[in-house]
Amino acid sequence: MSLIDARIAQLAAKVPEPEQDDATEQTPGPAQDARIALLGELRTAVQRESVLAARLRELDGALAESQAAAETSEPPDLGVEPPYPLRLLDELRAKRSLAEHAREDAARLRSQAERRVAAADRDHDAAVRERRLVRDRLAVVRDQAQGPAPDELDMASLERALEVARLAVLVTLQERESAQVGAALAEREDALAAARLARLETRIAHVAGDVVFTREALDERLAEIQAREEAVRADIASLVEAGDAAELALFQARRRLGLMTSDAADRDRAQEQMLTREAELAAARKGVEYLHQALGLAGSARTLYERRYALLQGEESALWPTWLRETQSLIKDMSDESAFAQAELDALRSMQLALARRLARADLGAGVEQAIRERVGALEAQEERARDMLLVKDQVQSLAQRLRDQLEPSVSERSLDQHLDAAKTELLSWWNKELFVIQDHGIYARDLVTGAVVFTLVLVLVSFLRSLLRRTVLPKLVEGSQTERKTARAAVLALIRNTNQLFVLIVAFYAAMTVSGLVQGQVKVWLWTLLVVAVYVQVGIWATAGLVDFVQRQRSKKEQQDPSAVTGYGLLLFFLRVGVWIVVVVSVMSHFEYPIAGLIGALGVGGIAVAFAVQNILSDVFHSMAIILDKPFKVGDFVIAGETLGVVDSIGVKTTRIRSLSGEMVVMSNTNLLNSTLRNYKHMRERRVVFKLGVVYETPPDRLERIPKMIEEIVRAQRFTRFDRAHFAAYGDFSLDFEVVYYVIGADFTLYMDIQQAINLAIYRKFQEEGIQFAYPTQELIVRRPPGELGRASA
């Protein structure tokens, strides 16, 4: 160091050389000599190395002591006899947190020292290269100095530059040594920080094994939190009042600003005052928000202390995994909120710096400057509250980290039963977890799972019922009459084949939403409406399918007997489908209390108008339906309608064709046909025959008495007859009249005529055998004379 100081003094005292010509350079003076600056840097580097070396020796001693203490097996001296209070454990953990930060800083400084060593090496190499270049140029100049005209000035400049380059090499070399010592020092500091951290870990492990947290200590902590909450509530009340006052002042300031129109200075002052009131209001409202957050954090601190107490007492072990998860989440939230609070502090500092720059201006008016200072004060108050809030968050985060450190080993060392209890608790926690909110209605995991299970169960149940009906019920429908079996099978098949899949999905979705409670209010009403409509539509589909199946079976059965039934049944199916869906639509509208009276009235008026327009056609159509349904006759029947008689040839929608006895085709409208008296001989099972006969008045009484018996024997002797009666019925004008009634078993007219002919011939023969004469119309003239005339005539 003395040599360096002597050389600096020598260079500083050196007299400058005589002046040269104007065309030549002048020798630099002491103030311009770069060698003095380099010597100063060299001296600083030597001093730095000396200081770093002394610090390195101190750290080596401290590190040796720390290693020696770590090698001893004696328990650490904590100044407190076990069992240790929880407060001591918290203090040690706080120190450990600081030690961890110190270890991180030491590692960062070590990395920086290594980078400085690398930079010093590069600077030293560059200085060495520069020295070599200057040396080589000086050698060239010296070789040229052997010539006839040497350049002495250039040689002296290069010699001085070479000296500067050598000094630069010395400086960089010394700085490299200082950087290496600094790197060694950073390494020792890192090792010492690691040793201190290890020693704290040992102490924490020793204390944690015999720590106690009494109920009195817990009550003391909770009392502290309660007192802090009461103080915070009092601060909130005062800040609310301050905020209300600031809001009133802001209103008045805005009003004054609105009334100002002329003076620019006054407007500037009023503008600044309004901004100040806004800052005060914002500071008060933000302070209230900070204090409310502090209340919430106080509640979190209370919960953390209570859980630490339960943990140390071994209580509620099944909840420890949940506590650990919630604590980890709280730590993360605190970290995020702390980062946000730090960003707010940075913004407040930026605003304060901007206002400070404005206060430094000299052209500010008195009112403007005062307003700015008040605004700065409001920002400082807000910054102070934000720092207090940040401190509270750090304290709660530290407390949560301590609970986490206690929970992690306890959770990992639990038994199988405890793991099962924890899994059950975690499952219940997940089951009751709120996933999201729709229209202020929370949707929980249990709701989604329940809805999915109910939806799946409904689909599986419907599929199972279909399979059961198809494989079990249908094969067993063999008992009862054939009609009953067909009807039952048709109903089952209608359920299987005509149950719409969309209807099943709607039912399943409604059941899932209702049972799980996923829908409430208006959405539930909409789903109910959709379900009602779907049910009515499905009932309509089932009814249509059942009626179609029934009509088709009737059609197939009747088609062989009556080919004309094809047209009638097709028309019947159309009207049945239309009727079913009209009933479905009206039922849906009636269910939802829709005013259908007006609609039905309008449809009725329209229907009346259409009916008047096509009344004849509609009359024939509906009469054709009556013919199909009532079956008064069918194709091939012999009928008499009015004056028309013949065999029915075909039955249409509007007309019926009859082949008359004379051979022509008679076409009659269905309306006229049914309006007339219709006699159908095709359906006649037996024919009642009534006939009369008369005998002369001269027939003796005994023969008259035998005549009914004779006729009965003759009728009974005929096949396909059933005798009813035979009586002496009346005294005729010229005969004694008998009435005979019998039945022909059969509808054939020819058979009837053959039987009647046989009966007539048998009666004729029988009467001839008995001497009974048939009466026929005769007139007898009786002439009566007086007695006198009779005498004269005889004379």
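The legends below describe close-up views of a predicted model.

**View 1. Helices α5 and α6 pack against each other in this predicted model.**
Helix α5, which covers residues 215–259, and helix α6, which covers residues 264–313, have axes 8 Å apart and pack at an angle of about 165°. Angles over 145 degrees count as roughly antiparallel, and α5 and α6 are therefore described as roughly antiparallel to each other. Their crossing is left-handed. The residues that make up the contact of α5 with α6 divide into 25 nonpolar, seven polar and 16 charged.

**View 2. Helices α7 and α8 cross with a left-handed sense.**
The axes of helix α7 (residues 320–359) and helix α8 (residues 366–412) come within 8 Å and cross at roughly 160°. With the same cut-off of 145 degrees for the roughly antiparallel class, α7 and α8 are therefore roughly antiparallel to each other. In the contact of α7 with α8, the residues divide into 24 nonpolar, 10 polar and 13 charged. Pro321 has its place in helix α7, and this proline counts as buried because its relative accessibility is 11%, where buried means under 20%. The C-alpha atom of Pro321 is separated by 9.2 Å from that of Ser412, although the two residues are 91 apart along the chain.

**View 3. Leu502 is an exposed residue in helix α12.**
Leu502 lies in helix α12, which spans residues 501–516. Leu502 counts as exposed because its relative accessibility is 55%, the cut-off for this class being over 50%. Between the C-alpha atoms of Leu502 and Gln538, which are 36 residues apart along the chain, the separation is 9.7 Å.

**View 4. Five strands form an open sheet with antiparallel pairing.**
The order of the strands in this sheet is β8-β7-β6-β5-β9, and its edge strands, β8 (665–669) and β9 (678–680), each pair on one side only. Neighbouring strands of the sheet are turned by 40° against each other on average, with direction ignored. Strand β5 (residues 638–641) runs antiparallel to β9 and is joined to it by three bridges; in this pairing, Ala641 stands opposite Leu678 of β9.

**View 5. Strands β7 and β8 form a hairpin.**
Strand β7, made of residues 655–660, runs antiparallel to β8, and five bridges join the two. The bridge partner of Ile658 is Val666 in β8. The hairpin has four residues between its strands, and Gly663 in this hairpin takes a positive phi near 105°.

**View 6. Strand β12 pairs with both β10 and β11.**
Strand β10 (residues 687–695) and β12 pair in the antiparallel sense over nine bridges, and Val689 stands opposite Tyr742 in β12. The pairing of β11 with β12 is likewise antiparallel and comprises nine bridges, with Arg722 opposite Tyr743 in β12. Strands β11 and β12 form a hairpin in which four residues lie between them. Strand β12 (residues 736–744) has eight of its nine residues buried, so this strand is largely enclosed by the rest of the structure. In a regular strand, the side chains alternate between the two faces of the sheet.

**View 7. Phe720 takes a positive phi in a loop.**
Phe720 is found in the loop between α18 (701–716) and β11 (721–731). The phi of Phe720 is near 60°, a positive value in a residue other than glycine. Phe720 counts as partly exposed because its relative accessibility is 41%.

Definitions and conventions:
Residues are numbered from 1 along each chain as its sequence is written. This is a predicted model: local features need pLDDT of at least 70, side-chain atom pairs count only at pLDDT 80 or more; totals for chains, interfaces and linings use all residues. Side-chain values use heavy atoms; hydrogens and water are left out. Axes are lines fitted to C-alpha atoms, for helices over the stretch in contact, and angles run from 0 to 180 degrees between N-to-C directions. Angles under 35 degrees count as roughly parallel, over 145 as roughly antiparallel, 65 to 115 as roughly perpendicular and the rest as oblique. A crossing is left-handed if the near helix is turned anticlockwise from the far one by less than a right angle, and right-handed if clockwise. Ala, Val, Leu, Ile, Met, Phe, Trp, Tyr, Cys and Pro count as nonpolar, Asp, Glu, Lys and Arg as charged, and the others, Gly among them, as polar. Buried means under 20% relative accessible area, exposed over 50%, partly exposed in between (1.4 Å probe, protein chains only). Two strands pair if DSSP finds at least two bridges between them.
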